[in-house]
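Take a first walk through a protein fold. Keep the sequence and the 3D view side by side as you read.

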Amino acid sequence: MFKSLFGKKNKRVPASKNISETDSIRDASVGDVFLIQGLSLEYDDAYFFIEEIDRYETPSGEWYEVAGADGENKVWVEWSQGRELFITATDNRKPEGLSSIGITEEELMRVDEEHSIDNYITVDDQRYYYRNSSEAFYFRDNRGEGEGFYLWDFMSEDEHRVLSITKWEGIPFESFFGEVIPPDNVTIYKGERAGQTGQESR
């Protein structure tokens, strides 16, 4: 069964007899394995071991970030649950400054104050529409009291990409891009779990 499930990559998956497909990324825990399609062709057959699951929280809701590794390759998958499951992913967590994406702090403050989803910023000739901005809190391993920062969220006009801009105390503005991934493109397999971590502590 495992051979047909994992193909030539089955050696990457733990030898546990407890490995089985779960419902969705909402059920993921540290030690599980996930398969992601649609982010990059080179990752379509890669199985990523979940190393960490962090939680974020704003007044409007919460979301989770799953960090996975397949050898030297790493991906980060974020998910939130509103009316439906929303997933984004990236293989690049290196931040870019505001000048690198062609906007200014004044422009960012303006869209924050106006708080209108009609506003947008243009990056590489593509419009990113404002979705929300607020104080947020980061809970590493979904534990502790949380560390505060400010967050701006934007969505590309075609709704295929997201742009998040963060401002932590004592750190310059940082920008991160992610790809929107259909929920069916992420499959979770139960692996060797590391006790009560990630989602298990919710």
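Predicted model: local features only at pLDDT ≥ 70, side-chain atom pairs only at ≥ 80, totals over all residues.

Residues are numbered from 1 along each chain as its sequence is written, and side-chain values use heavy atoms, with hydrogens and water left out.

Start with the whole chain. The protein chain has two helices and 11 strands. Helices (H or I, at least four residues) and strands (E, at least two) are DSSP runs, numbered from the N terminus. Along the sequence, the pattern reads α-β-β-β-β-β-α-β-β-β-β-β-β. The protein chain has 202 residues, and buried ones make up 46% of them. Buried means under 20% relative accessible area, exposed means over 50%, and partly exposed lies in between (1.4 Å probe, protein chains only). The accessible surface of the protein chain is about 11,300 Å², and 44% of it belongs to carbon and sulfur atoms. Such areas come from the Shrake-Rupley method with a 1.4 Å probe; for residues, only the protein chains shown count as cover.

Next, look at contacts. A contact means heavy atoms within 4.5 Å. Among contacts in the protein chain with a separation of 6 or more, 51% join residues 24 or more positions apart.

Now turn to the cores. A nonpolar core is a set of buried Ala, Val, Leu, Ile, Met, Phe, Trp, Tyr and Cys residues joined through side-chain atoms within 4.5 Å. Which members of the largest core touch the most others? Of its 22 residues, they are Ile25, Phe34, Ile36, Val66, Val77 and Ile87. The elements that give two or more residues to this core are E1, E2, E3 (61-70), E4 (73-81), E5 (85-90) and E11 (186-189). Pick out valine 66. Beyond its neighbours within four places in sequence, valine 66 is in contact with residues including Ile25, Phe34, Ile50 and Val77.

The rings come next. Rings of Phe, Tyr and Trp (its six-membered ring) pair if their centres lie within 6.5 Å; planes under 30 degrees apart count as stacked, over 60 as edge-to-face and the rest as tilted. By this rule the count is 14 aromatic pairs. One of them is stacked: phenylalanine 34 and phenylalanine 48, 5.5 Å centre to centre, with 25° between the planes. Phenylalanine 34 is in strand E1 (residues 33-36) and phenylalanine 48 in strand E2 (residues 47-58), so this pair links distant parts of the chain, 14 residues apart. Both phenylalanine 34 and phenylalanine 48 are buried.

Tyrosine 130 and phenylalanine 154 form an edge-to-face pair, 6.0 Å centre to centre, with 75° between the planes. Tyrosine 130 lies in strand E7 (residues 126-139) and phenylalanine 154 in strand E8 (residues 147-156), so the pair ties together parts 24 residues apart in sequence. Tyrosine 130 counts as buried, at 1% relative accessibility. Phenylalanine 154 is buried too, at 2%. Elsewhere, Tyr56, Trp63, Tyr138, Phe149 and Trp168 form one aromatic cluster.

Rings also meet charges. A charge sits over a ring if NZ of Lys or CZ of Arg is within 6 Å of the ring centre and within 35 degrees of the ring normal. Arginine 93 places its charged end over the ring of phenylalanine 176, 4.7 Å from the centre. Lysine 167 is in strand E9 and is partly exposed, with a relative accessible area of 27%.

Finish at helix H2 (residues 105-114). Which of its residues are buried? They are Leu108, Val111 and Asp112. Seen down the axis of H2, these fall within an arc of 105°, so they line one face of the helix. The arc is that of the directions from the helix axis to the C-beta atoms.An α-helix has 3.6 residues a turn, so residues three or four places apart point the same way. On the other side of H2, Glu106 and Glu113 are exposed. The buried residues of H2 pack against E7, E8 and strand E9 (161-167). Take valine 111, which has a relative accessible area of 0%. Leaving out residues up to four places away in sequence, valine 111 touches Ser116, Asn119, Tyr130 and Phe154. Just after H2, histidine 115 takes a positive phi of about 50°.
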